[in-house]
Each structure stands twice: as C-alpha cells, then as structure tokens.
Amino acid sequence: MAAITDSDIDLAPFIDHALLSATATAEQVEQWCEDADRFKFAAVCVYPVHVRQAVELLRGKRPRVCTVIGFPHGATTSAVKLYEAQEAAENGATELDVVINLGWLKAGKTEDVHREIAEICDETGQTVKAILEMSLLTDAEKRLVAELCMDAGASFLKTSTGLHGGATIADVRLLKDLAKDRVGIKASGGIRTAEQALELVIAGATRLGTSRGPDLLRQRDTLEKGKENSRL
C-alpha cells in the first residue's frame, strides 16, 4: 500500500473546532457552529454550558457536538464528572472529552482511573475521548493509561488539554502503535499551522482539536496552490 502523503489529506473531516476560551460567548458559539457547518468539520467542542445552544444550531447538520468533562485538570470527584457527563449527554452532546485523574495515575490508583472512565462510557453511551495530558506522563505511564482507557471503553485517546504543552508527533505515533486501530487518536493543543496538522494526521491522528480550523484550511489551500505553481 502506498504511503499517505499530505496531498491526499482533506483536513476538514479531522477537525474538532474548539471554543474553550474562558470568555466564550453565545455569539462566538454561533460563529463556531456556522464555521463547522460551512467547512464540514467533524465536530464543535464547547463548554457544557454551551451544549444546548450548539445542539440547536447544528440540528440536522453534519458536525457533532462535543464537550469537555472534568476540564481542565481532571481533579473533580468521580460523582461530579459522571453527573457532568450525563447532563451533557441529556442536553445533546454526543462526544465527551474527559480529563483523566492524573493524581490517581501518579499514585498508582489504576483501578480508580479505569472505573471512572468506564462509568462515564457505560452510563452515557456516548463517544468518550480520554484526555491523557501526555506531556505530564512518563513513557511507562503513557502506555499504562492508554491501555486502561481503551479497556474502560474510551473511543479515542486524546493527547492533551493544551494547557501543559500541545500534541507532538512522537506522542501520536506512540498512541497509534498502542491503539492498533482499536480506537481513534485525537491530537490537541498548539496546532497552529496546516503543515503541523498534516504531519499529525500522517503520524496517526484521526481527529485534530484546534480553535484555528478555518485558518488551517486557508493555509492548506495556499500550500496546494504553491505546489501547483511550482510545477508550472
């Protein structure tokens, strides 16, 4: 099979168009949803407080509504995370990006990490993306928590919140190797250029979390036009 090249990749279906600013407004949610529909992004990712609005704006349209749970540090109690996830699902979110409890992982409380993700998967029935915060983990911890989350029922392994460093090619390749196509891989944090986005997809990312979706597509068009001109 021929290797995938950047010329083969349409970035739009990979993008989770994220609006996770602390000052996000209803007007911005409307703009993000319009962009997601216009460019046919995979999803919009908004805070739980904006889920109902996003669901109404995207009803009958292609992009899904994603929200974050236990964001950004994952240190709320399991009961609170579960309630937050259930309410988000009841409000119409079909994808839940859940921050794992990093303190538990560091303390060796692997059963608690597994149980928390499994409960959210089981009780909501929605797509769960486990946010691993890879930059804060050792290689052994990365491998351990990836297996825990996959076994618990997560549909995606997500590299990071973006608050402690962004997605790296090395981490995406590691997750791809560990996942063996059993789950998706979401690269998130610090994706600012089309070249970077393409490299992450080639490395194995099946979703890209970014607030710069439209800009990445514009950059992508410029890259392709540059290649065409160079061949003339």
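**Close-up 1. Pro 72 and its cis peptide bond.** Pro 72 sits in the loop between S3 and helix H3 (78-90); helices (H or I, at least four residues) and strands (E, at least two) are DSSP runs, numbered from the N terminus. The bond that joins Phe 71 and Pro 72 is a cis peptide bond, with omega about 5°. For context, most residues other than glycine have a negative phi, and most peptide bonds are trans. As you look around, please keep in mind that this is a predicted model, in which local features need pLDDT of at least 70, side-chain atom pairs count only at pLDDT 80 or more, and totals for chains, interfaces and linings use all residues. Residues are numbered from 1 along each chain as its sequence is written, and side-chain values use heavy atoms, with hydrogens and water left out.

Close-up 2. Thr 161 is found in the loop between strand S6 (156-158) and helix H7 (169-179). Thr 161 counts as buried because its relative accessibility is 11%; buried means under 20% relative accessible area, exposed over 50%, and partly exposed in between (1.4 Å probe, protein chains only). Not counting residues up to four places away in sequence, Thr 161 touches Phe 71, Pro 72, Val 99, Ile 131 and Glu 133, where contact means heavy atoms within 4.5 Å. The side chains of Thr 161 and Glu 133 make a polar contact (2.7 Å). That term covers a pair of N or O atoms within 3.5 Å; within protein, one must be able to donate a hydrogen and the other to accept it, and residues adjacent in sequence count only if both atoms are side-chain atoms. A polar atom of the Thr 161 side chain also lies 3.1 Å from the backbone nitrogen of Leu 163.

Close-up 3. Strand S1 (residues 15-19) pairs with S2 in the parallel sense over four bridges; two strands pair if DSSP finds at least two bridges between them. Asp 16 has Ala 43 in S2 as its bridge partner. Between S1 and S2 the chain passes through helix H1 (residues 26-39), in a right-handed β-α-β crossover. Right-handed here means that, with the strands pointing away from the viewer, the path from the first strand over the helix to the second runs clockwise. S2 and strand S3 (residues 64-69) run parallel, joined by four bridges, and Cys 45 stands opposite Cys 66 in S3. The chain goes from S2 to S3 through helix H2 (residues 51-57), and this β-α-β crossover is right-handed.

**Close-up 4. Arg 115 on helix H5.** Arg 115 belongs to helix H5 (residues 110-124). Arg 115 is partly exposed, because its relative accessible area is 32%. Its side chain makes a polar contact with the side chain of Asp 112 (3.4 Å). Leaving out residues up to four places away in sequence, Arg 115 touches Ser 78 and Trp 104.

Close-up 5. Lys 180 lies in the loop between H7 and strand S7 (184-188), and Asp 181 lies in the loop between H7 and S7. Phi is positive in both non-glycine residues, near 50° for Lys 180 and near 65° for Asp 181. Lys 180 is exposed because its relative accessible area is 60%, and Asp 181 counts as exposed at 69% relative accessibility.
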